[in-house]
Amino acid sequence: MPLVSPVVFPLLPIIQTLDGPACACARGTQCSRIGKHAAVLWGDLKEGDEVPRPEPGAGVGIKTGARPYGSGIVVVDLDGTAACEAWEAAGGDYETYTVGTGREEGLQLYFRHPAEDGVGVGSGDGVGAGVGAGVGAGVGVGPMVVKNTVGEFAPHIDIRGDRGIVVAAGSPHKNGSTYEVLYDLPVASLPVFLLEWLKARPAPAPAQSYEGDVTDPNELTYRRQAYAEYLRTSAPVRGPANRGRGDALLFTVVQKGAYDMALPTEDVLELIAEHYDPRCSPMWGDELEERVHHKAHSAKTASTRPREVPLLATEDAALTRLIKPFDLEKALTATRDGSAPPGPAQVQVQDGPILLGSSTTPPPAKPPPLVDPTIAAAIADDCGFKIKWGGWAATPPPVIYLVDRLFVQNKVVMLYADPGSIKTWLSIDLAFAVATGAHWLGDKATKKGRVLYADYEDGEYEFHRRVKLLTQGMDDSVADGPDLGYLYAPGRLDKEEFWLHLGQLYAKKPFRFLIVDTLRAANNDVDENDVNAAKMLDLAGKFTEVFKASPIPPTVLFVHHANKQGTIRGTSAFKGAVDSVFKLETEEDTDKRHRAILTCEKSGQKKVPPIYLELTDSGLRTYEPPQDGDEGDGPRERVLTDEEIRAKIMLVLEGQGIVGSKRKLRDLVKASAQRVDTELAELVALGEVAKTKDGFSVDSPSRRTARVVASVRRFDYWASEAELAKDAGVTTEFVYELKRRGVVADRASGGDVLGFIVLKEGG
């Protein structure tokens, strides 16, 4: 039957239900919302917004609640015979639009939201007789909120009101049946007995606001999208594998949104309910609201550790909203000094299979001053410059690598070589390694993330052919590389327009790596010897600078050619405009193999030794050249230094978060067990790596404090400081230090220690 709706409101696409049953989302048969899993971010969707059509065979959903964010309806869900009997016993009937849910005796009863009938939150004793004909003393001082309930009115009777969603008629049920219209009647007003029950329930407490919560609507949209992606993909979930740790995990998840991203508590609750709770086993359900409010308050008022996710600056979000291109430097200046960007047209950018509103933000009638007077007064001493005075004795932050000891994250890099070398093969292999999170060239750990490959030379067929050869022998699910994106000649990289549009793409789908192959082909009508030919490199540098504080700071690699003398072809400004330079030099080229040497010519860090590469029909690999006295030239494993093994351990732990065992860590580091164990023990002794009951992770004082606090919150009757320290993976002296600082305290003073309490989060 066709998908139908009794209300004039967009139907939300539901993710397809597959045989099994299984959801077409990444969780498959493990998804707890099979057949009910919305394919779009629907929380902010309102009347008039456009939505995509569902995939063939997929169902649709309807938002419930008051307009404009709901469709003006409340749906009562009767789940089985006992629920129907309870409904009838309360005085209910079925004289309204009714849908069979596909389960035996399962019904959805549609009613008009009280706001449609003019019912508000009143100060009288209830509603007047005959809701449909008007209301009496219940007409009140504000719109009535209908809270979603599960089994509160009666067992197996659920109510979907404001900020709720139901599956519409015509949609498939996971048991193979279909949601079907049983009574195609006009949508009736809520029965008086149900309206009285709803009005008698305590009104929801107003959401507490906190200083620092994001308020800019565009910024809020940006951060909601980032948080939703985290909740859907990487948030640690409650389940059998984390038995006993569910409450601590929920605090971690709430802290990510409420503290790290400074989202308002209600936004955190909404997104957790939509994207996180369905992943938990069991779900938090009715407990969720109270727990999230409590944990959000703790996160916002007591967190003292550095924010794990830097705040997404409004200036960066503003950049991504620009449609008309103009000078990038002016755009950045305009967004930073508080004035309006000079572009006349703006649009809200959102993530996902996206709900894109048609409204635009009109330019202000009168341009605001260059700098707000109150801000100017506050920064008068430094005349508006952001100057750091002092603090140079502090230890600078550690260098973060995109590829172990080779490519530093958030930099502009150049790789150059002779024509006909294997530079494109090498670049594609590198792109695939980052996109899949695999080690590159056998032993170099990478940070996993989306990769865009901008090809200006060979075309998609040749790119595909090379990827296929380089991934031979891999499982198809890995070789498919869903996070590796290909673009053919996407635009002029020496134009600000390209980088502004790239910023819009980054705002929707943050990517970790951009590879441009080649610099010459992307700039083919510009004299390479002209200093202006380096403009695209300068723009790439500005692009990485704008997004350096984002959770996934981008890195850009330009592939380029060598001249006849074997150096970088073109102006010397090329080398000066990038952060590091790598040269690929052919060593041997025969029908059977191509050998080359990769060397670092410029780097802000310690230069790595040359890397010897070999491309054959079996793929790309490294090899060790024969030393004096060696026979033959067969490949040999290169011996890593102690420093390199330590660096690889730290990079692996930073990328994985936590590694459960030494065996797993050895496999990821790809070095001998004895040497990994030796260097790991040294890192633990130095306090740079933590060993806990869960495994190994990067350590710091703030992380140790967080573990102690989590241990106390999980179980607050540890017999001694030593027992608490053992559980948290810290020294006993560290627990004593936290007691001296007032982070934790004895539950009872004097005599026997009965346990500990947390006085404040952090230290």
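This is a predicted model: local features need pLDDT of at least 70, side-chain atom pairs count only at pLDDT 80 or more; totals for chains, interfaces and linings use all residues.

Modeller: Strand β1 is joined to strand β4, residues 60-64, by 2 bridges, and the two run antiparallel. In this pairing, Pro13 stands opposite Val60 of β4. The open sheet has 3 strands, in the order β1-β4-β10. Its edge strands are β1 (12-13) and β10 (164-167), and each of these pairs on one side only.

Now the rings. The whole structure holds 19 aromatic pairs. Take Tyr97 and Tyr110. Their ring centres are 5.0 Å apart and their planes stand at 85°, so this pair is edge-to-face. Tyr97 is in the loop between α1 (81-89) and β6 (98-100), while Tyr110 is in strand β7 (residues 106-112), so the pair ties together parts 13 residues apart in sequence. Both Tyr97 and Tyr110 are buried.

Next come Tyr453 and Phe463. Their ring centres are also 5.0 Å apart, but their planes meet at 45°, so the pair is tilted. Tyr453 belongs to strand β16 (residues 451-455) and Phe463 to helix α11 (residues 460-470), 10 residues apart. Tyr453 counts as buried because its relative accessibility is 1%. Phe463 is buried too, at 9% relative accessible area.

Some rings gather in a group. Phe498, Trp499, Tyr506, Phe511, Phe543 and Phe547 form one aromatic cluster.

Charges also meet rings. Arg238 lies over the face of Trp284, 3.7 Å from the ring centre. The charged end of Lys256 sits over the ring of Tyr230, at 5.1 Å from its centre.

Notes: Residues are numbered from 1 along each chain as its sequence is written. Side-chain values use heavy atoms; hydrogens and water are left out. Two strands pair if DSSP finds at least two bridges between them. Helices (H or I, at least four residues) and strands (E, at least two) are DSSP runs, numbered from the N terminus. Rings of Phe, Tyr and Trp (its six-membered ring) pair if their centres lie within 6.5 Å; planes under 30 degrees apart count as stacked, over 60 as edge-to-face and the rest as tilted. Buried means under 20% relative accessible area, exposed over 50%, partly exposed in between (1.4 Å probe, protein chains only). A charge sits over a ring if NZ of Lys or CZ of Arg is within 6 Å of the ring centre and within 35 degrees of the ring normal.
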